[in-house]
Amino acid sequence: MSVEAPIRGGAPESVWDRLEPLLPRVRKPVQYVGGERNATVTPWEDAQVHWALCYPDAYEVGLPNQGLMILYEVLNERPDALAERTYAVWPDLAALMREHGVPQFTVDAHRPVAAFDVLGVSFATELGYTNLLEILDLAGIPLHAADRTAEHPLVLAGGHAAFNPEPIADFVDLVVLGDGEEVVGEITDVVAAAKAEGLGRRETLERLAGVPGVYVPSLYEVTYVDDGAITEVRPTTPAAPARVHKRTTSDLDDWPYPKQPLVPMAETVHERMSVEIFRGCTRGCRFCQAGMITRPVRERSKRGVSEMVEQGLAASGYSEVGLLSLSSADHSEIGEIAKGLADRYEGTGTGLSLPSTRVDAFNVDLAEELTRSGRRSGLTFAPEGGSERLRRVINKMVSEEELIRTVSTAYEHGWRQVKLYFMCGLPTETDEDVLQIATMAHEVVRAGRKAAGRGDVRATVSIGAFVPKPHTPFQWAAQAAPDVVDGRLRKLREAINSDRSLGRNVGLRYHDGQPSLIEGLLSRGDRRVGRVVEAVWRDGGHFDGWSEYFSFERWEAAAARELPPLGVDLAWFTTRERDGDEVLPWDHLDSGLDRGWLWDDWQDALDSREQDDCRWTPCFDCGVCPQMGTEIQIGPSGEDMVAAGRMLPLTPVESRTSTPVRNPAFSAGTSSAPTGGSRT
Amino acid sequence: MRFAKRGRARFSSHRDVARAMEWALRRAGVPVSLSHGFSPHPRLSWIGAAPTGAASEAEFVEIGLTEDLDPAAVAREVDAVLPEGLSVLDVVRAGPGALADRIDTSVWRIALPGVDPERLGKAVAALEAAPVVEVERMTKNGPRTLDVRAALVRLDVMDALDDCHPDDAGSGDDASGDGARPSGDPVEAAASATPEVSDLRARPRRSVCGTLSLVVRHTTPAVRPDDVVSALRTVAGLEPPVPVTATRTAQGRLGASGELLDPLEVDRATTGRETDPVRHAGEDRPA
């Protein structure tokens, strides 16, 4: 099954010549050819440390990933490093690559991945773990870290899922916790020195374990008690710290990446210039791992945002700007940012979008700015819980009246469609909580018809199954079994359709509970779960985030085979509530959150008690800032969006055109346009 | 605008090329006019795009502008920001009449590595002798049957052995610093492949190679180079051992005496010839 690894040393040969004849035989070949605008190809010899950055999913999903794009640029700016990108190849090409001995390659220079010094893999979701094994195998890299030698790349895992990397601990050499901008440079320094000194793999890893934020799983030993729980996770060498603390990048204005966004030829899921307007979130939604592990809030200034948008649009040509964060309307200067950008790009065919907005932070003025360029398709809100009680449990404080008021205003102002996101299977949830989603959806349609003065308004209800995540107050919670989730969703569908007149304006979208159970296994699993991941991959499992590839039966069978001999099973990892004194597999990995605070917040959840946001109320001691030496960074930034004398004039262009870029090559000596414009 | 799709860009679809061109025009600061309505989009009018996998030296697009610009400047500025593999070849100021009305025929060159030219010649003769040659192709609307013979104006076997891989030979990519490009020399490329790698089947000896020159009328659905290869399989059992590479070398209207008329010539005549086509190193321009 495995592809032979190329010989290391010297510049590796491009696999393009061998790949090209295979491409006419696969679906969407353009995703494998590279050559994106703003991609970088550095001569191999010009760098001491070679990084292959991997997003373990299809190109169309992986290319727009901001994290990967940022690190790609940060590393390629270093004179001693080069970074190339590699993505999961679809099964049609994978089969041909195996048949013809073509190894996993980077899309930049089509170099074999096994020739690089570091293979950095970014995990946004745990469902990418089987793809990691597929990629390693296609690359000719031994699956198990223990079987690798100095000839093989260091396999590194990062991203949100890496905050509990234990299920893949056997397959990776090192893990990075938290923001990557600075730590990739420190790792590069260590690897460069290790190569120069001719250090062995073990010595190199020990040295890397000394870099703050780096966790080397092989330097830790895990012991278990008879009931299946962990006794302790202990470093086996003084080179490894007892606890590994996450990294935090302060002052986003110092890190204006991506400066040169990658513009692919292939179609991808997000075709826009994305600017991260802040990182972190202290809204405190108890289910939200992203909000918990990225604290504190660090805003980019409005000037910083404006400059990134200007530079990014010129470099990419994109016609949409996405202002990204975990809750974009919460930026302290969001109104000025949206108005400033809308003014500036008026008439240039440039759209603005705010992918994550909260009901309570939404206001029509903001929405009007965002849709000034034309589109007014739909608004999305995420109440997450159907009942008021449940929303207190999850700390998503939004009242039904507030929601109805907001959507009514939206319908009044011309929107015709509202999307509502919910979760099912939340702690303490009953059938009644979920059925209230139907009531709310009916109410939204009723209010919308009244506000819009017409019957054709639409509400789409989208529901995902809740998965308890590490480093959240719900890390101790029992996950709801798939049949419980599926049963509630069935009842919800009946309730929505019980009123024909309202029900026909409500769309319901949901996924089965089964994939979520597996995500739950991988999220809160320990090292023993690695055997299940490997068994599933050996059984042909991959692309588990895609419903057409995911097989619950395969996972269930592998878990039933691999886990009981170790004294545990699928239910033990998923539907079992944990006690306060149980050692959790990720307790030695520090996201900054105080374990005592998390437990108290979990108890507050069970009592339906809410927690405020520390941006606007006093600190509630979650532990992050003192532990990490960080602080909240929010506006007002006190700077204008446009630096005096530096920027282009803000006057809108005379007529509707389709470019935000002023090219001096076209301004000199142009003759007047003939009637009706001209075509070239 | 006439532009080329070469090298690895040949694997892009029409949608891919259209998006890439729209973004490139925005990067270059070309003031393209926008359609009116709820969701404004740039006014670009595309003419019969080369299929995914095929290269082209003759793709055409009409671009609506809000200002009158120097065509040479447009060619230069857009070419500078196009992704690797896409190159502007010619820009003229559009005169009256639609470009689409001046294009009804394509000239293709198809390289068939591993196919003996003599064998190819016999297959071509068989195809030309048949009154009707139907092949089936999957389209968005299910399988369609099309008559290749009816669309065929001319089909010749070229005897240029060194022209076997037109995609590499004429690539002339504008990206710099790309040390990983495949070698343009087919012999060297074959020789440099590591012997233990089991892809020798995939790359037959390059010394054997058939090349076709093909003139085909635009029909609906269009007869593509792949369909012609399918037709050769149908009439003569010809099975290329590896995927063929096709390059469109010209498009235009078929003249009375079988010559192809340059579709941009009319605009040059009406607006004056003020542009020099952008030339690229190693470019293989058809007459």
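**Chatting through helices and a sheet**

Modeller: Let's start with a helix contact in this predicted model. From α13(A), the residues A:E400, A:I404, A:V407, A:S408, A:Y411 and A:E412 meet A:M440, A:E443, A:V444, A:A447, A:G448, A:A451 and A:A452 of α14(A).

Colleague: How many nonpolar, polar and charged residues are in that contact?

Modeller: The contact of α13(A) with α14(A) has eight nonpolar, two polar and three charged residues.

Colleague: And at what angle do the axes of the two helices cross?

Modeller: Roughly 35°, with the axes of α13 (residues 400-412) and α14 (residues 431-452) of chain A coming within 8 Å. The crossing of α13(A) and α14(A) is right-handed.

Colleague: New topic! What is the order of the strands in the open sheet?

Modeller: In chain A, six strands run in the order β2-β1-β3-β4-β5-β6, with mixed pairing. β2 (81-87) and β6 (214-215) of chain A each have a single partner strand, so one side of each has no neighbour in the sheet.

Colleague: In which sense do β1 and β3 of chain A pair?

Modeller: Parallel, over four bridges, between β1 (residues 49-55) and β3 (residues 118-122) of chain A. There, A:C54 stands opposite A:V121 in β3(A).

Colleague: Which strands does helix α6 of chain A lie across?

Modeller: Helix α6 (residues 183-197) of chain A lies across β1, β2, β3, β5 (174-176) and β6 of chain A, at about 135° to β1(A).

Colleague: Last one: which residues of α7 in chain A are buried?

Modeller: A:T204, A:L205 and A:L208 are the buried ones in α7 (residues 201-208) of chain A. Seen down the axis of α7(A), they fall within an arc of 95°, so they line one face of the helix. Their cover includes β5, α6 and β6 of chain A.

Technical notes
Residues are numbered from 1 along each chain as its sequence is written. Chains are lettered from A and ligands numbered from 1 in the order in which they are written. This is a predicted model: local features need pLDDT of at least 70, side-chain atom pairs count only at pLDDT 80 or more; totals for chains, interfaces and linings use all residues. Two strands pair if DSSP finds at least two bridges between them. Two residues are in contact if their C-beta atoms, placed from the backbone, lie within 7 Å. Axes are lines fitted to C-alpha atoms, for helices over the stretch in contact, and angles run from 0 to 180 degrees between N-to-C directions. A crossing is left-handed if the near helix is turned anticlockwise from the far one by less than a right angle, and right-handed if clockwise. Ala, Val, Leu, Ile, Met, Phe, Trp, Tyr, Cys and Pro count as nonpolar, Asp, Glu, Lys and Arg as charged, and the others, Gly among them, as polar. A residue is buried if 20 or more other C-beta atoms lie within 10 Å of its own, exposed if 12 or fewer, and partly exposed in between; C-beta atoms are placed from the backbone. The arc is that of the directions from the helix axis to the C-beta atoms.
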